Amino acid sequence: MVRGVSPALETLLMPFERGEIAIPPRALFLGAEVHPAFEEWPQVTGWQPFKPLAVEWEQAGHGRVDTPAGTWPVVMLLPGKSRDEALAAFAKAYDLLENGGTLVVAMANLAGAQRFEKELERAAGKIVSLQKHKCRVFHAVKDGDWDAALLAEWRQLGALREVDGFTVEAGIFSADHIDPGSALLAEHLPKNLRGRVADLGAGWGFLSRMALEKNPDLKEVHLFEADARALDCARKNLTDPRCQFHWHDVATGLPDKFENVVMNPPFHSGQSTDIGLGRAFVRSAAASLRMGGRIFLVANRQLPYEAELDELGLVWRKPVEDATYKLLFAEKRLERTLLRSGYEGQAAETQRSRR
Ligand SMILES: C[S@@+](CC[C@H](N)C(=O)[O-])C[C@H]1O[C@@H](n2cnc3c(N)ncnc32)[C@H](O)[C@@H]1O
């Protein structure tokens, strides 16, 4: 296996490597991820809603589309994790195929590959399947025999829907409920916020909307989110002109300074837990704070963000902790910052002059 390439992607390419499917003059890749083999392909166009992977795809020199259109001789698909998202993606891929074109799907066994293969078989009638790397790749040709009613049902699963008055879409974070951790943070957000707020990993916009509802005098709210689909929902959920939307990888830092940061940081990359991502969020938040600025964070109790806040020289407290979540409120104070950068004397002076 090529280093850094997901097992599902390695498996996806097997039917091409084995000559079961000819490499087409042009192909569409839904959920596009980079593989060196694509350098030999005449043309692969990618759709990738997750910003860090979209950037990698473009940096590898491939074309990328925000909204796939037209029809293609081959559509490759690495579906997302949720059932509705995966089935909706099957229908979308079908719609993007030329007549006689081939749909190729790969999934990890742990993500339910066998179950989804059966689903595709129900729609397509016949499929060809291979297994390797604890994944399955299955492909089907678009002929006249697909089950139109089933495809129509699957298309519906990908349509925008409503949760407690918010627009959401299958596959994005918390697509069928308000996250209880975010609800806890919203309940405890202060009502005296001023200036500008950054909402990191803003999802479909719940925390931003709550921040605005509790703090009508806020100047601007900036939503930073890596999943383009979630951000599109947030645009529908927040029509207030003070909101600005950024398709952005928060781990790379923020382009501006803020008085307030709200966040429920992600702690998963793909299927696995990735505390490093949450820590990167905390670092980006701290670096973007103006002096006196505050971070309002919710996390699962066991996630060790306190050490990170200490390391960054922020003053923090834990106003709420329950069986599952904790809230951490942190502040960037001058004296702590000076202490951390080695100006102990100056910091002591600052403290004395304040007394
Ligand atoms: C725990 S969810 C919180 C979502 C939203 N704030 C809420 O309260 O419902 C974390 C969010 O971070 C987003 N995310 C993951 N990695 C990211 C990254 N590198 N940069 C920006 N957002 C990211 C996810 O797509 C997800 O929407």
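Arg-196 stands opposite Glu-220 in strand S11, where strands are DSSP runs of E with at least two residues and helices are runs of H or I with at least four, both numbered from the N terminus. Strand S10 (residues 196–200) and S11 pair in the parallel sense over 5 bridges, pairing being assigned if DSSP finds at least two bridges between two strands. This is a predicted model, in which local features need pLDDT of at least 70 and side-chain atom pairs count only at pLDDT 80 or more, while totals for chains, interfaces and linings use all residues. Residues are numbered from 1 along each chain as its sequence is written, and side-chain values use heavy atoms, with hydrogens and water left out.

S10 and S11 belong to an open sheet of 7 strands with mixed pairing, in the order S12-S11-S10-S13-S16-S18-S17. Its edge strands, each pairing on one side only, are S12 (243–247) and S17 (315–321). Helix H7 packs on the sheet, touching S13 (258–263), S16, S17 and S18 (contact means heavy atoms within 4.5 Å).

The largest nonpolar core has 34 residues, of which Leu-185 and Leu-223 touch the most other members; such a core is a set of buried Ala, Val, Leu, Ile, Met, Phe, Trp, Tyr and Cys residues joined through side-chain atoms within 4.5 Å, and buried means under 20% relative accessible area with a 1.4 Å probe, protein chains only. Among the elements that each supply at least two residues are H7 (180–188), S11 (220–225) and S16 (289–300), and the largest share, 5 residues, comes from H8.

Methods
Buried means under 20% relative accessible area, exposed over 50%, partly exposed in between (1.4 Å probe, protein chains only). Axes are lines fitted to C-alpha atoms, for helices over the stretch in contact, and angles run from 0 to 180 degrees between N-to-C directions.
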